[in-house]
Amino acid sequence: MILVTGATGFIGKPLVERLIYDGHPVRCLLNEKQVATLPWKAAPEIITGTLMDSVVLYQAMSGVNTVIHLENAQWWGRERDLERVEIHGTRNLVEAARSARVGRIITLSHLGATPSAAYPLLRVKGTVEEIIRSGGPAYTIIRSGVVFGKDDAFINHIAMQLLSNPFLFLMPGRGEIVLHPIYIDDLVEAIAQTLENLDTVDQMIEIGGPEYITLRDLIRTVMRVSGRERLIVSVPPYALRWINQGTRLVLPRTLLTPQWLDLLATNRVAKIGTLTRYYTIKPHRLEDTLLTYLPGSNGIWATLRAVFRRRPRSF
C-alpha cells in the first residue's frame, strides 16, 4: 500500500493517476474539502484528515509500506503556513510512519534547500529534509528544479503577470539567476520509478530537465511562446517583496509570492544527466513543451481565478 499526502496538488494528481494505472494500491490523506471534489476517475482509498491529526495519521499508515509525502503550503505566501504544514506536519508524519513500521518515505524538495538558508522556503525545505533523514524509516529525497506544466504556479504566473501589465514586466534582480526547470511528466515518472529503484534508497537525488536557463531568458521564452512581448525592467528583489506585501492587503493571493522570490534567490541547478543516471527518462525541453499548451492559455479569467482563489483553511 502506498500513502500519498498532497494528492490533489499539481504533482499529486497526475502521480496518483500514474500509480493507479500501474496497479499499485493507493491511499490518499485528504481534508474534507478535498474529499468533496476528487479529481480522479478511478478514486483511490481515501482517509479524511490532515497532518495535524495524529489519530488519523496512525489510521492512514496502517498496512502502508511506502509514503510519498507531497503536502506543502509553498505558494500561499505566509511563513507560518510553511512552518505548520511542512515542519510540524512532517514531524507528525515521520512519527506515525516510524510507529507503523513504514518501509520508506519518498518526498520532494528543492535544489538549494538547506536549514541554514537565508530564505524561508529553502530553509523550511532543508529542515524537512533533516527531519526525514533522521526519522528512522528509509527515505528518498528528490530535490528538483522548478517544475513546469499546464497548471504550474511558476511559469504560468509569469504569463499571467505579462497579461496583467501590457507594457512592463518587473524582473527580480538582473535576471542572471540560473534555473533548471523540469517538466511535470518527467518528475512524475521519476517518482514512479523511484518505487522500484533500490539505488535510490537512503539517497538525496538532485534532478532537473535537459537544459539550464537564466531567469531573463526564461522570461523572454515565455514572452515569445505566449505572444506577449513586454519591456523587462530590473527591480531589486526587496522592492518586489514590498510590492507583494501591499498587494496582499487587497487580494487573497498574489501572482508574485515571497516563496516565488525565494526560488529566484540563488542559482538552482543539478548536474545535467542526473535524471538519466537514476531513471530511464528522456526529459522534455522547456520551449518545445511550452508550445504545446501555453499559447492561448492563462487568459484574463484564469488570472482572476488565480488571484481571487481563497487560501485553504486547512491542509
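Keep in mind that the model is predicted.

Start with the whole chain. The protein chain contains 13 helices and 13 strands. Its C-alpha trace spans about 55 × 40 × 40 Å along the principal axes. For 315 residues, a compact globule would have a radius of gyration near 20 Å, and this chain comes out at 19 Å, so the two agree. Of the 315 residues, 54% are buried. As for contacts with a separation of 6 or more, 79% are between residues 24 or more positions apart.

Next, helix 6, residues 155–164. Why call this helix largely enclosed by the rest of the structure? Because eight of its 10 residues are buried. They are Ile155, Asn156, His157, Ile158, Ala159, Met160, Gln161 and Leu162.

Last, a loop residue. Where does Gly23 sit? Gly23 is in the loop between helix 1, residues 12–21, and strand 2, residues 26–30. Is Gly23 buried or exposed? Its relative accessibility is 59%, and exposed means over 50%, so Gly23 counts as exposed. Gly23 and Thr280 are 257 residues apart in sequence, and their C-alpha atoms are 19 Å apart in space.

That is the tour.

Conventions
Residues are numbered from 1 along each chain as its sequence is written. This is a predicted model: local features need pLDDT of at least 70, side-chain atom pairs count only at pLDDT 80 or more; totals for chains, interfaces and linings use all residues. Side-chain values use heavy atoms; hydrogens and water are left out. Buried means under 20% relative accessible area, exposed over 50%, partly exposed in between (1.4 Å probe, protein chains only). Helices (H or I, at least four residues) and strands (E, at least two) are DSSP runs, numbered from the N terminus. The radius of gyration is taken over C-alpha atoms; the globule rule is 2.2 Å times the number of residues to the power 0.38. Contact means heavy atoms within 4.5 Å.
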